[in-house]
Amino acid sequence: MADPLSSTTPLLRLSSGTFAGTLNAGVEVFRTIPYALPPVGERRFEPPVPVPAGDARHDATQPGATAPQRTRAVPGLDVVPLIGTGWREGDDYLTLDLYRPAVRAAPCPIMVFIHGGGFVVGAKDAPVQDGATFARDGVIHVALNYRLGVDGFLPIPGVPTNLGLRDMIAGLRWVREQAAAFGGDAGNITVFGESAGAMAIADLVTSPLAEGLFRRAIIQSGHGAMTRDIAVARRLVTKLAGLLKVAPDRAGFAGVAPGETLDAVEAVSAPTMRLDLRDGEGREPVFGISRFIPVHGDDVLPRAPLDALKDGAGAGIDVLIGSNAEEMNLYFVPAGVLPKVNRLLAWAILRKSQPRAWRVLKAYGLGREPAGRVLVRALSDLVFRWPARRFAEQHRGRTWMYEFDWRSPRYDGALGAGHGMELPFVFDSLATATGAQGLCGEAPPQALADRIHATWVRFATDGTLPWPEFTRDARHVHQLAADRTIEEPVMPAARFLP
């Protein structure tokens with residue numbers, strides 16, 4: 001444990017006690033600070049409970065526990081930098097890490113990062129998400145854990161819905177309330193995240209429970225279209241209860257320890273599992289990527305986020321939203337699936353989520369190009385790119401869009417600008433994703449990381465960006481690798497989505 005009496009040990013004095021951290025290269029780091037009590041016992045299926053005031057001293061030098069999860073290897077790719085080391089067991093995992101400049105002249109802008117992982121894996125401290133780079137540049141960086149899977153995103157009868165989102169809201173409320181104590185500007189909070197974390201942030205932009213908790217949002221490979229009606233999501237409750245051999249209610253699931261649900265989570269997540277989560281129009285909003293997502297129709301998300309945006313929800317929040325040019329490559333290329341996809345398999349894959357699968361595939365070039373390439377291009381639009389554009393169009397506040405199009409050389413260049421590729425550039429943490437099994441290959445461009453990271457810092461600091469806003473009349477999208485702004489073309493997917 002760091003010695004809290006040492007003159008070189010940074011101390012953070014909060015309402016819940018004093019936390020002893022570490023100091024390195026002008027950045028103070030405090031790890032595993034609780035923002036809510038452990039979600040165990042009677043609190044397991046309840047909204048997060050704030051940590052009471054206290055004056056005890058705490059070690060804040062260790063990474064601490066994570067939400068129960070099970071990670072899988074990806075052929076030829078080191079995933080630890082992207083999602084962390086997996087489940088570190090322990091009850092007290094509703095915690096956050098805080099990075100701040102050791103020397104602060106005035107209250108600093110605050111950036112709060114929400115990690116991705118399909119709402120079933122991930123952690124606040126995955127190596128690629130090194131908040132020290134933001135603190136180095138004058139920003140206080142906070143990253144938090146939240147409940148995952150069954151405990152966080154399963155609408156069990158008798159249990160408050162969207163517990164994972166409620167955790168994030170509690171963490172953001174903690175940040176706002178404690179900002180003065182740790183040297184941050186409570187009026188200048190930017191929340192940002194990637195993948196599932198970005199989906200969650202897009203939802204929170206419209207949530208009445210998150211109103212006033214942040215000023216800006218950066219949504220990386222996310223949008224507000226990945227939520228389900230509670231009635232549809234209850235089909236997942238029934239399926240899981242059957243696999244676990246428990247009643248599909250609070251008492252049934254409470255009788256199964258969180259770690260003991262992981263086999264069932266893996267089973268329902270398998271693409272071969274028969275589980276229909278399509279809505280009334282025959283669409284599955286997540287395209288099979290994750291069974292666990294937020295639901296709408298409760299007090300957290302009273303309406304589907306895109307509908308709420310139309311009526312002005314989140315209009316006071318500045319939004320930067322975007323996606324990568326070849327998102328779905330990450331899901332098909334490392335596994336070696338892409339060359340094996342023929343016309344029929346492409347249709348079968350897309351048909352599970354999109355009722356007009358043949359028409360979509362033909363619009364994207366089926367019959368003129370290899371089926372696998374067509375499927376991946378169509379899914380990149382349907383799952384990420386097009387819904388992000390819809391979010392931008394519906395948002396009534398200031399909005400900017402980007403597309404990250406730098407192509408990784410991994411897998412003989414086939415990985416390209418896949419899902420997650422922007423993360424080491426945003427965090428200026430290329431060293432964590434470089435090498436024979438790194439996401440970015442052997443020599444990713446540091447100059448691009450310098451530029452993108454500085455852009456994120458600038459937006460969080462004063463809400464400005466070096467390209468025009470996205471509006472319905474001027475649909476400007478900035479290409480980050482190419483460093484140019486284009487007028488967004490109409491995508492074939494637009495013909496098949498409302």
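A: Happy to! Let's begin with what counts as touching: contact means heavy atoms within 4.5 Å. Keep in mind that this is a predicted model.

Q: Which residues in H6 meet which residues in H8?
A: From H6, the residues are Leu 236, Lys 239, Leu 240, Leu 243 and Leu 244. They meet Ala 264, Val 265, Ala 267 and Val 268 in H8. By class, this contact of H6 with H8 has eight nonpolar, no polar and one charged residues.

Q: What describes two packed helices?
A: The angle between their axes and the distance between the axes. Here, helix H6 (residues 230-244) and helix H8 (residues 262-269) cross at roughly 125°, and their axes come within 10 Å. Angles of 65 to 115 degrees count as roughly perpendicular and those over 145 as roughly antiparallel; H6 and H8 are therefore oblique to each other. The crossing of H6 past H8 is right-handed.

Q: At what angle do H11 and H13 pack?
A: At about 20°, with the axes of helix H11 (residues 343-351) and helix H13 (residues 371-394) 9 Å apart. Angles under 35 degrees count as roughly parallel, so H11 is roughly parallel to H13. H11 also passes H13 in a right-handed crossing.

Q: Which residues meet where H11 packs on H13?
A: H11 brings Arg 343, Ala 346, Ile 349 and Leu 350, while H13 brings Ala 371, Leu 375, Leu 379 and Leu 382. Sorted by class, the contact of H11 with H13 has seven nonpolar, no polar and one charged residues.

Definitions and conventions
Residues numbered from 1 in each chain as written. Predicted model: local features only at pLDDT ≥ 70, side-chain atom pairs only at ≥ 80, totals over all residues. Heavy atoms only, no water. Axes fitted to C-alpha atoms, helices over the stretch in contact; angles between N-to-C directions. Helix = DSSP H or I, 4+ residues; strand = E, 2+ residues; numbered from the N terminus. Left-handed = near helix turned anticlockwise from the far one by under 90°. Nonpolar A, V, L, I, M, F, W, Y, C, P; charged D, E, K, R; others polar.
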